[in-house]
Amino acid sequence: MFEAKSQGRDGYKVFENTRPGTSVNRLTLLEDMRSGIAKGEFHLKYQPQYDLFTGRIVGAEALARWQHPVLGELMPEQFIPLAEDSGLIVPLGRWVLFEACRQNRKWQREGLVPITIGVNVSARQFRDAGLIADVRETLGRTGLAANYLELEVTESLLMQNADQAVRLMDDFRKIGLKLAIDDFGTGFSSLIALKSFPLTRLKIDQSFIRDLETDENDRSIARAIISLGRELGLNVVAEGVETAKQQAFLASCKCETVQGFHFGRPMSAEKLGKLLGMSLTTINAHFG
């Protein structure tokens with residue numbers, strides 16, 4: 001019933017006991033997740049972000065994975081909605097924040113090129129009164145300087161209560177954090193609200209990048225977002241870049257930063273560390 005309602009009116013869903021969305025499996029997965037957090041079954045992968053004009057790695061987005069003992073590696077879309085609904089997103093998000101900051105500080109101690117680490121913040125976390133305290137504690141425990149941490153919040157989340165979001169983001173900026181709007185272009189934010197947010201970056205949603213080669217509307221939207229970001233003094237990141245033609249178009253629009261399978265899939269901390277070591281002396285092959 002709940003899944004049918006979530007798909008809109010006048011629809012129906014057939015119950016299947018083996019389907020991941022069923023209440024039986026949700027309850028089982030919920031208990032597995034609760035114990036999995038305690039047992040350390042979760043790990044992070046990192047997708048690099050490149051400066052489009054120098055080829056240097058300037059950041060990475062931390063992405064959670066769950067190594068389920070029976071189901072194998074689960075992707076975020078398979079467990080994050082359940083974590084959000086159940087409230088487990090708060091302890092899980094706290095662990096992601098700590099692990100990402102710890103790893104970033106570890107790379108720095110190894111003498112690698114310092115980068116910004118991006119951590120996604122869910123709606124439940126954003127509303128949690130303890131989030132600022134968690135960030136402060138994490139930075140203190142890991143020793144990571146605040147300017148090397150970027151919190152990513154979706155545009156739609158910010159627009160749910162723009163005034164409250166501005167106040168909270170002001171507090172984060174006072175700490176020295178970087179702030180990004182993720183999935184930009186999908187959340188109907190007004191220009192007045194956007195001007196009020198103390199942001200550092202806009203991340204163009206990959207739905208506008210996917211068909212750049214064939215869709216003039218997507219090209220127009222991408223150009224407009226890049227231009228808007230430039231006028232507001234914000235760094236713009238294009239997500240989901242998968243082809244050389246997409247890269248060339250973004251370069252022609254002077255988009256500063258890119259992220260996507262064309263440059264690197266989400267990878268282990270060890271592999272990204274090797275890339276950071278290489279970037280001390282070499283430029284990534286994609287950039288010529």
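**View 1: Where does Thr243 lie?** Thr243 sits in the loop between β8 (235-238) and α11 (244-252). Before you zoom in, note that this is a predicted model, in which local features need pLDDT of at least 70 and side-chain atom pairs count only at pLDDT 80 or more, while totals for chains, interfaces and linings use all residues. Residues are numbered from 1 along each chain as its sequence is written, and side-chain values use heavy atoms, with hydrogens and water left out. Thr243 has 25% relative accessibility, so it counts as partly exposed. Here's the scale: buried means under 20% relative accessible area, exposed means over 50%, and partly exposed is in between (1.4 Å probe, protein chains only). If you skip its neighbours within four places in sequence, Thr243 is in contact (heavy atoms within 4.5 Å) with Glu213 and His262. Glu213 is 30 residues away from Thr243 along the chain, with 9.3 Å between their C-alpha atoms.

**View 2: The whole protein, before the other close-ups.** Count up the secondary structure and you get twelve helices and nine strands. The protein has 288 residues, and 48% of them are buried. Take the contacts with a separation of 6 or more: 66% of them are between residues 24 or more positions apart.

**View 3: Helix α6 packs with helix α8.** Two packed helices are described by the angle between their axes and the distance between the axes. The axes are lines fitted to C-alpha atoms, for helices over the stretch in contact, and the angles run from 0 to 180 degrees between N-to-C directions. For α6 (residues 131-142) and α8 (residues 162-175), the angle is about 15° and the axes are 11 Å apart. That angle is why α6 counts as roughly parallel to α8. (The cut-offs go like this: under 35 degrees is roughly parallel, over 145 is roughly antiparallel, 65 to 115 is roughly perpendicular, and the rest is oblique.) The crossing of α6 and α8 is right-handed, a term used if the near helix is turned clockwise from the far one by less than a right angle, with left-handed for anticlockwise. On the α6 side, the contact is made by Leu131, Ile132, Val135, Arg136 and Leu139, and on the α8 side by Leu168, Asp171, Phe172 and Ile175. Sort these contact residues and you find seven nonpolar, no polar and two charged. In that sorting, Ala, Val, Leu, Ile, Met, Phe, Trp, Tyr, Cys and Pro are nonpolar, Asp, Glu, Lys and Arg are charged, and the others, Gly among them, are polar.

**View 4: A look along helix α8.** This helix has 14 residues and reaches 20 Å from its first C-alpha to its last, close to the 20 Å expected at 1.5 Å a residue. The expected span is 1.5 Å times one less than the number of residues. Which residues of α8 are buried? They are Ala162, Ala165, Val166, Leu168, Met169 and Phe172. Just after α8 comes Gly176, with a positive phi of about 115°.

**View 5: Helix α4 packs with helix α6.** Here α4 (residues 89-109) meets α6 at an angle of about 30°, and their axes are 9 Å apart. That makes α4 roughly parallel to α6. This crossing is right-handed. From α4, the contact residues are Arg94, Leu97, Phe98, Cys101, Arg102, Arg105 and Arg109, while α6 brings Asp134, Val135, Thr138, Leu139, Arg141 and Thr142. They split into five nonpolar, two polar and six charged.

View 6: Asp183 is part of strand β6 (residues 178-184). Its phi is near 55°, a positive value in a residue other than glycine. At 25% relative accessibility, Asp183 is partly exposed. Glu155 belongs to helix α7 (residues 155-160) and is buried, with a relative accessible area of 3%. In sequence Glu155 and Asp183 are 28 residues apart, and in space they are 6.6 Å apart, C-alpha to C-alpha.

**View 7: Lys254 in its loop.** Look for Lys254 in the loop between α11 and β9 (257-258). Is Lys254 buried or exposed? It is exposed, at 53% relative accessibility. Lys254 isn't a glycine, yet it has a positive phi of about 65°.

**View 8: Tyr46 in strand β1.** Tyr46 is in strand β1 (residues 42-51) and counts as buried at 1% relative accessibility. Tyr46 and Ile117 are 71 residues apart in sequence, and 8.8 Å apart in space from C-alpha to C-alpha.

Terms used. Helix = DSSP H or I, 4+ residues; strand = E, 2+ residues; numbered from the N terminus.
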